[in-house]
Amino acid sequence: MDTSTLPKAAELAVRAARNPRWQPDAPMPLHSEIFTPATQAVGAGAAFAFAQDALKGAAGDAASLEERSILWVQDARAIKLGGRPYRAGLPEGLRHRLIHVAAKTPEDALFAMEEGLRCRDLAVVVGEVAGNPRALDFTASRRLTLTAEKHGVPLLLVRLDAQADLSSARMRWRLTSAPSSPPRWNIAAPGRASWHAELFRARAHPPGEWILRDEPERLAAERVQKAPAPDHGDLVRGSGARSLAAL
Amino acid sequence: MAIWCADLALDRWRHSEGCQRGEGTDAAPLALITETAHGPRIDAVNQAARAHGIARAMMLADARTLCPTIEVRPSDPAGDLAFLERLAIWAQRWGPWSAIDPSDGLLVDVTAVAHLFGGERRMLADVEARCAARGLHIRTAIGPTAGAAWALAHYAGQAAILDPEDDVSARLADLPVAALRLDNDVLLVLKRLGLKRLGDLAGIEEGRDRKGHNDIRGRDAIHRRFRNRKSPAANPLVRMDQLLGRVPEPLLPVVPITAPMVQRRLVEPIRHRQLLDTVVADLAEDMARTLEARGEGARRLQLGMWRVDGEVLTRDLEMAAATRDPSHICRLFADRLDDIDAGFGIEMLRLRASWSQPLALDQSDLEAAAEQHGTSLAACMDRLTTRLGRDAVQRPVPRASHIPERAQSWQPPLEPEPAEQHQLAFHTRPLKLLDRPERISVLYAAPEGYPRRFSWRGQVCEVARVEGPERIAPEWWREKGSTRLRDYYRIEDEAGRRYWIYRNGLPTDGRGGMPDWYLQGLFA
């Protein structure tokens with residue numbers, strides 16, 4: 001192996017510095033994964049928020065993107081766990097553009113997503129797959145990535161109740177809901193959606209955590225600073241679940 | 001214009017023998033025969049045999065008694081017909097289309113053509129000269145109808161021309177009734193009736209007998225006599241009308257069909273299989289282009305390989321369905337080329353589609369185009385619907401109803417949205433709606449009525465914020481009277497999970513016991 005082609009440690013540090021932190025107006029990669037619990041609709045909501053943000057960002061052909069349809073693919077288990085899309089609850093600009101695919105099996109859902117990515121008349125494809133089906137392995141995810149990048153249609157794959165297994169998604173989020181900011185006129189009522197988002201793998205950005213808020217015009221993000229690790233003095237660190245006696 | 005090849009079979013035989021008329025083998029009496037159930041029968045005789053009194057349709061045994069030295073050769077009616085077909089196509093040099101007149105004649109349409117050859121007479125001279133150059137003994141005639149031309153060619157002597165301005169019936173009156181192209185038994189009947197000339201028949205038709213007396217029963221009588229004969233060849237009246245142009249006579253024109261053919265001459269003779277495969281692949285591509293231009297696909301292909309030493313190797317291929325896929329053709333030929341002996345090398349290859357069928361043009365690179373530019377929305381929906389079913393690919397559309405789950409219906413994705421009254425968005429609606437509202441068990445209810453703590457799917461939610469109730473009454477005009485109203489609450493628990501729950505009924509509405517709570521929707 002030719003070691004000269006590999007980056008030096010110093011270069012890696014520079015590269016890390018060059019990779020900026022994720023921001024809401026950062027360009028959206030063409031294949032993202034969002035891991036959410038099945039009992040919340042945060043995945044689809046955040047997916048639409050991301051998509052709207054990205055579609056707004058593509059100002060050049062905004063007019064053509066405006067009327068393109070959106071494909072929402074769900075497999076049967078995702079429908080059973082999380083329900084179907086409800087038109088009146090969709091973001092205003094997307095209501096009339098939604099096409100819903102209820103696939104029986106994860107294989108069918110993957111097929112539908114891939115066909116959707118191949119279609120030049122779709123603005124974005126949102127997939128919702130429950131669990132870790134055998135069909136959705138690294139090969140399938142790589143296939144989706146390649147198709148998305150070949151045809152330039154973004155894919156947001158929502159994984160309900162799933163382990164973060166191997167995947168070729170360019171950005172992987174873990175989302176749960178977060179307490180919303182109270183509305184102005186009724187502080188006792190739930191406000192606009194907000195999510196606790198953890199970006200745990202991204203090609204262009206270092207990982208981080210944010211509180212995302214779905215503002216009317218844009219997606220607002222507020223960085224969550226991790227509390228510094230408590231100082232345990234002389235105690236052995238990093239023992240994890242193991243017994244201290246084993247060290 | 002009618003061309004009658006009076007001696008077609010013998011002319012062909014002479015051509016194959018390479019002898020002139022009346023010379024060499026032809027100088028001796030000769031007959032062409034066919035074997036029949038009753039022995040050999042004579043089909044054609046040459047001049048020398050005719051001088052001995054031998055005629056066609058005679059049995060060979062009878063002919064031998066007249067002329068014991070007669071030579072016989074087998075006749076070739078199929079070859080004659082094939083030759084006649086080729087001759088008909090060749091004869092299109094004098095007119096836009098031509099038809100075969102079995103068994104030994106041609107009909108060429110020369111309407112408004114003669115001036116190109118300097119008049120009708122010179123055109124006939126040209127026909128005769130060219131046919132004589134080919135060794136064909138012919139008689140020609142031009143007439144206003146096909147029947148008239150035929151009659152003149154056969155019975156009126158050399159190069160007869162009948163102008164349309166002439167009195168056709170008068171000009172043809174002297175010809176025998178055989179000039180009507182009738183079957184032999186009909187001719188026999190007419191002969192027995194005493195109708196020997198066309199003039200006799202025409203006279204009866206016009207209601208005159210030979211002495212000029214009016215007799216309008218004549219045509220009726222003949223009509224009755226032949227009333228069962230529908231075929232023109234069996235009905236002299238129909239033939240007569242065709243001859244005079246009173247009824248149309250459809251003819252079947254000969255259309256030349258050239259088999260698609262591609263060939264490659266090679267600079268250097270090839271001796272190796274690999275090169276041969278390359279050339280065959282090139283030929284297949286050429287053939288595919290040729291066939292595509294004609295809108296056809298090949299059913300049978302013939303690959304001819306000319307070797308340096310003059311040997312020709314052929315390989316035939318027949319397909320189950322018309323095709324012009326080059327890779328398919330190559331794959332099929334690859335199996336047939338294993339036993340080729342190239343000798344000193346193959347210098348020319350020719351691929352010929354001897355049988356081709358219409359094959360509609362198709363866009364063969366549909367997949368490739370889709371790969372490159374993406375599919376259209378309609379194509380995408382087609383693919384999804386084909387694999388997943390019509391019910392799987394749908395678009396939500398609003399419906400006029402208060403009940404949340406009824407307020408949306410589904411329709412095929414590309415249909416236009418139905419007209420709707422604008423819905424007032426007073427209340428926020430969830431992003432997702434469960435297919436069936438799920439019952440939740442309230443663990444602690446607030447005095448205001450909504451639950452403070454409830455469990456759903458095994459997890460406990462502490463309600464932190466709430467908005468409601470939004471009361472939705474049942475649609476009394478379509479539901480039973482016992483249906484209870486719903487009080488919807490929008491709630492958020494301490495972890496920020498936002499749900500849409502409702503209480504089905506009021507404790508005091510008298511439509512059942514204590515109302516149950518359900519969770520119906522999930523907010524983003």
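This is a predicted model: local features need pLDDT of at least 70, side-chain atom pairs count only at pLDDT 80 or more; totals for chains, interfaces and linings use all residues.
A residue is called buried here if 20 or more other C-beta atoms lie within 10 Å of its own, and exposed if 12 or fewer do. Ser141(A), Leu144(A), Thr147(A), Ala148(A) and His151(A) are the buried residues named in α6(A). These five lie on the same side of α6(A), because they cover an arc of only 125° around the axis. Phe138(A) and Thr139(A), on the other side of the helix, are exposed. The cover over the buried residues includes β1 (31-36), α5 (106-118) and β6 (155-160) of chain A. Just after the helix, Gly152(A) adopts a positive phi of about 75°.

Two of those covering elements, β1(A) and β6(A), belong to an open sheet of eleven strands with mixed pairing, and this sheet draws on both chains. Its order runs β10(A)-β9(A)-β8(A)-β7(A)-β1(A)-β6(A)-β5(A)-β2(A)-β4(A)-β13(B)-β14(B). At the edges stand β10 (219-223) of chain A and β14 (408-411) of chain B; each has a single partner strand, so one side of each is left without a neighbour in the sheet. From one strand to the next, the twist averages 30°.

Within this sheet, β1(A) pairs in the parallel sense with β7 (residues 171-177) of chain A over four bridges. Glu33(A) has Arg172(A) of β7(A) opposite it. The strand β7(A) also holds Trp173(A). Trp173(A) counts as buried because 28 other C-beta atoms lie within 10 Å, against the cut-off of 20. Beyond its neighbours within four places in sequence, the contacts of Trp173(A) are Ser32(A), Glu33(A), Ile34(A), Phe35(A), Ala197(A), Glu198(A) and Leu199(A). The C-alpha atom of Trp173(A) is also separated by 9.4 Å from that of Glu209(A), which is 36 residues away along the chain.

The helix α5(A) links the sheet to the contact between the chains. It lies across β2 (69-75), β4 (98-103), β5 (122-130) and β6 of chain A, and runs at about 165° to β5(A). Its axis and that of helix α15 (residues 377-388) of chain B come within 9 Å and cross at roughly 170°. The two helices, α5(A) and α15(B), are therefore roughly antiparallel to each other. In this pair, α5(A) brings Asp108(A), Phe111(A), Ala112(A), Glu115(A), Gly116(A) and Arg118(A), which meet Cys380(B), Arg383(B), Leu384(B), Arg387(B) and Leu388(B) of α15(B).

Taken as a whole, the contact between the chains involves 45 residues from chain A and 44 residues from chain B. On the side of chain B that touches chain A, at least two residues each come from α14 (366-373), α15, β13 (393-398), β15, β17, β18 (486-493) and β20 (516-522). The most is given by α15(B), with six residues.

Strands β15 (residues 432-445) and β16 (residues 451-456) of chain B run antiparallel and are joined by four bridges, with Val442(B) partnered by Phe454(B) in β16(B). Their hairpin has five residues between the strands, and Gly449(B) in it takes a positive phi near 125°. Four bridges likewise connect β16(B) to the antiparallel strand β17 (residues 459-472) of chain B, where Val460(B) is the bridge partner of Ser455(B). Here the hairpin has two residues between its strands, and Arg457(B) in the turn has a positive phi of about 50°.

Chain B also contains an open sheet of five strands, ordered β5-β6-β1-β7-β8, with mixed pairing. Its edge strands, β5 (98-101) and β8 (160-161) of chain B, each pair on one side only. Strand β7 (residues 138-142) of chain B runs parallel to β8(B), to which two bridges join it, and Ile142(B) stands opposite Ile161(B) of β8(B). Helix α5 (residues 120-133) of chain B lies across β1 (2-5), β7 and β8 of that chain, at about 160° to β7(B).

Overall, chain B has 15 helices and 20 strands, and 30% of its 524 residues are buried. Of its contacts between residues at least 6 apart in sequence, 51% join residues at least 24 apart.

How values were computed. Residues are numbered from 1 along each chain as its sequence is written. Chains are lettered from A and ligands numbered from 1 in the order in which they are written. The arc is that of the directions from the helix axis to the C-beta atoms. Two residues are in contact if their C-beta atoms, placed from the backbone, lie within 7 Å. Two strands pair if DSSP finds at least two bridges between them. Axes are lines fitted to C-alpha atoms, for helices over the stretch in contact, and angles run from 0 to 180 degrees between N-to-C directions. Angles under 35 degrees count as roughly parallel, over 145 as roughly antiparallel, 65 to 115 as roughly perpendicular and the rest as oblique.
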